[in-house]
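Okay, thanks for coming, everyone.

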Amino acid sequence: MATFHEVSPNAPIGEKALNWVDNRFPLSKLFKEHMSEYYAPKNFNFWYIFGSLSLLVLVIQIVTGIFLVMHYKPDAALAFGSVEYIMRDVPWGWLIRYMHSTGASAFFVVVYLHMFRGLMYGSYRKPRELIWLFGCGIFLALMAEAFMGYLLPWGQMSYWGAQVIVNLFSAIPFVGPDLALLIRGDFVVGDATLNRFFSFHVIAVPLVLLGLVVAHIIALHEVGSNNPDGVEIKASKDANGIPLDGIPFHPYYSVHDVFGVSVFLFVFSAIVFFAPEMGGYFLEYNNFIPADPFQTPLHIAPVWYFTPFYTLLRAVTAEMMYVLMACVLAGAVLAVVKIKMPALFKGLIVGGAVVIIAMMLTIDAKFWGVVAMGGGVVILFFLPWLDNSQVKSIRYRPTWHKYLYAAFVINFFVIGYLGTQPVSVIAGRIAQLGTLFYFGFFLLMPWWSRLGTFKEVPSRVNFTAH
Amino acid sequence: MKIKGFTQKTILGLVVALGMTATVHANSAGPAWDKAPNKINDQAALQNGAKVFASYCLNCHSAAFNRYNRLQDIGFTVEQIKENVLFTNAKVGDTMKAAIDPQQAKAWFGVNPPDLTVIARSRAGAGGTGTDYLYTYMRSFYVDEAKPTGWNNHVFPNVAMPHVLWEMQSSMTPAQYDETIGDLVNYLQWMGEPAQTTRKRIGIWVLIFLAGLTLVTWKLNKVYWKDIK
C-alpha cells in the first residue's frame, strides 16, 4: 500500500484536493503512466493518428446513440416512422442521426487505416501479439455492432440484408437451421429479431467493445508503441531509464492528436452536413423504403464496409470448390514433401486433407462461402504467427514486398467494389481470383515473408525535426 | 514528352471506356432520366409544388411522416396551409394522410399507393437523383388501351398508377407542364428532408469554425514540437 502523503496546510486548495484524491485513488499515477510519462517513439507519422480517431468515433457513436435511443422505437410497426420522427420532429434530431450514420462508416474508415498501419510496420510482431488480438476482437465486435445496428431503421435494405446474412447460418451442417432460428427468434426476420438486435446493438456488443478497447490500450501501454522503423525504443535508454527516442505522450502526442481531430472533424462534418448519404454508400437509397417482407429487392448489397467479405462469400461457387480442393491437396503434398517432420505428423496432415476434401465434396458450397467470409476475418488473428520476415517494418523489407502490399490493398478495393455490384460472369471470375489472392496473401505469408534481401534496420529511429 | 503522350492517351482511353460503360448501363436500365430543375431554394416553386401535391397526389398517397404545419418552412402561414393544402378534416399539426382507404386503394389498383414522404430519397440510383427519376416518370405517361387504367409509363412499365395529371397536362403547353412537374418534384425533394436547407446553411459555419480550429491546433502543434530534435 502506498504511504499516506501529507501536504502543507498552506498549500493551494487545488493541491490539497489532488492530494486527498491521490491518497485514495491513483489519479496522478494513472495520468503519469498513461499520459505525461508514457514514452512514445518520436518518429510517429500520419498513420499513427487513426488509433486516437477510432476512440473519438467510438465516443461520437456512444453519445449520439444515447440520444437516438431516447426517441427510437424498436418495434417493427413503428421503427421506420420513429427514425423519420427523429429526422423531422426531434430538435437537432437530423444532426444526431446523421452523425451516427456517418459515424458508422467513419469508424470503419479509421479502423481499416489503423489496421493497415499495423500491417505495414509489423505492429503485431512480438511482443505486441496480444494488442493485435484484442484489436481483431474489436474489429469483429464492430462488425457485429454495425450489422445489428443496420437493421434498426427497418428499411428494405435493413430487412433484406439481415435476412440474407442470418439465412447464411442455416447453411452450417446439422445445427444451422436451429441456429438461424435462434438468431432471428422467428422463422423470418421480424419484430422479435428487431428487438433482440436492438438489445445487442445498444448494450451487449458495446460492453464487449469497451472492454476490449480498454484491454487493447492497457496492453499497448505495457509494451510501448511500435513505430515506422520497427525499432524497439526501449533498447536504448538514458541514465534515468527513459528511452532516448521516446517523448512523453502528453503534451507532444496529445497536441498532435488535437490537430488530427480537427482535420478529421472537418472531413466528418463536410459529409454530415453536405453529403450524409454519400452517394448511396453511407445511407442506401433503398433503405428509405419501409421494410416489406413480401417484396424482395432486385439487388441486395451490404453497406460498403462489409462488401470485401461479402465478395469472399459469393466467390465460393460449386465450381470454385474444385479449385479450393486442389489448393488443399497441393498444400498437403507440399507440406509432406518440403517440411521435415516425423512420419506421424505427415500421416496426420494427409489424413486431415482427405477429411477436409471429403467434407468439401459432401457439404454445399454455400456453407464454404460462409466459412470463407468468416475465415477472411479470422485469418487476421493469426497474422503475428504468419509473418516470418526478419524485420518488422515495411521500410526494411525487400522492395517487392511493398508491391505485394500494394497489390493486397488494390485487391481489397476491387473485392470491396465487386461486393456492391450484382453478380455477373466476368465480375464473378474476378471476385474468385481476388478471393484466392486474399487468402493466398495470408496463408503463404510464412513462406514469402522470409524471401528476398532485407535492408539493415538502424539501432535508433529515423527522425528529422519539424 | 513520350511519357506525357502515353499518359494522356491512357487517360483518354479510360474516359472513353468509362463513358461507354455508362452508356451501356443507361441503355440496359430503360430510358435515361432527364435532369430535374433544382428549385430547392425557390419558395414560390416549392409552394406551388405543395399545392399540386395536395390537390392531386394526397388523394391516394400519404406523406405520413410529414406534418402540415412543417410547410411553414417553405413560407406558408398556418392560414395559407389551411386554405391551400389541408383539404381533409385533419388538424394542422397532423401528418399528411391520404383521403383514400388503404383497403379500397388495394382493391382498385392492386397495390397500396406507397407513402411519398421520403419517395425522392428512395428513388435515387445510377441514373440520377430521386428528383431526376420522378421528373422523368411524371412526364413519361402514354395512352395504352391494353392497361385497365388506360395508361402506361416508359420509365415504370405497367405501373398501377393512372396518369392523374392528364387533364392538367392537356390544358398546358409542354413547357408549362414541365415547369409544374419541376415544382412538384422539388417539393417532394424538400419533403424528403425538410431540414436539408438548414443543414447546409449551418454546415458552412461549422466548416468555417473547424477550418479556424485546424489552423490554431496546427500552430499549437508546431510550437510544442519545436523542442523535439
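I'll start with how to read it, then go to the chain contacts, one residue, and the confidence.

So, this is a predicted model: local features need pLDDT of at least 70, side-chain atom pairs count only at pLDDT 80 or more, and totals for chains, interfaces and linings use all residues. Residues are numbered from 1 along each chain as its sequence is written, while chains are lettered from A and ligands numbered from 1 in the order in which they are written.

How do the chains meet? We have 28 residues of chain A in contact with 30 residues of chain B, where contact puts the two C-beta atoms, placed from the backbone, within 7 Å. On chain A's side, H10(A) brings the largest share, 14 residues. That side splits into 18 nonpolar, seven polar and three charged residues. Here nonpolar is Ala, Val, Leu, Ile, Met, Phe, Trp, Tyr, Cys and Pro, charged is Asp, Glu, Lys and Arg, and polar is the others, Gly among them.

Now Val414(A), which sits in helix H16, residues 399-420 of chain A; helices are DSSP runs of H or I, at least four residues, numbered from the N terminus. Why is Val414(A) called partly exposed? Because it has 18 C-beta neighbours inside 10 Å; 20 or more would be buried, 12 or fewer exposed. Leaving aside neighbours within four places in sequence, Val414(A) touches Ile430(A) and Gly434(A).

Last, confidence. Chain B averages a pLDDT of 88, on the predictor's per-residue scale from 0 to 100. But residues 1-28 of chain B stay under 50.

Key: Helix = DSSP H or I, 4+ residues; strand = E, 2+ residues; numbered from the N terminus.
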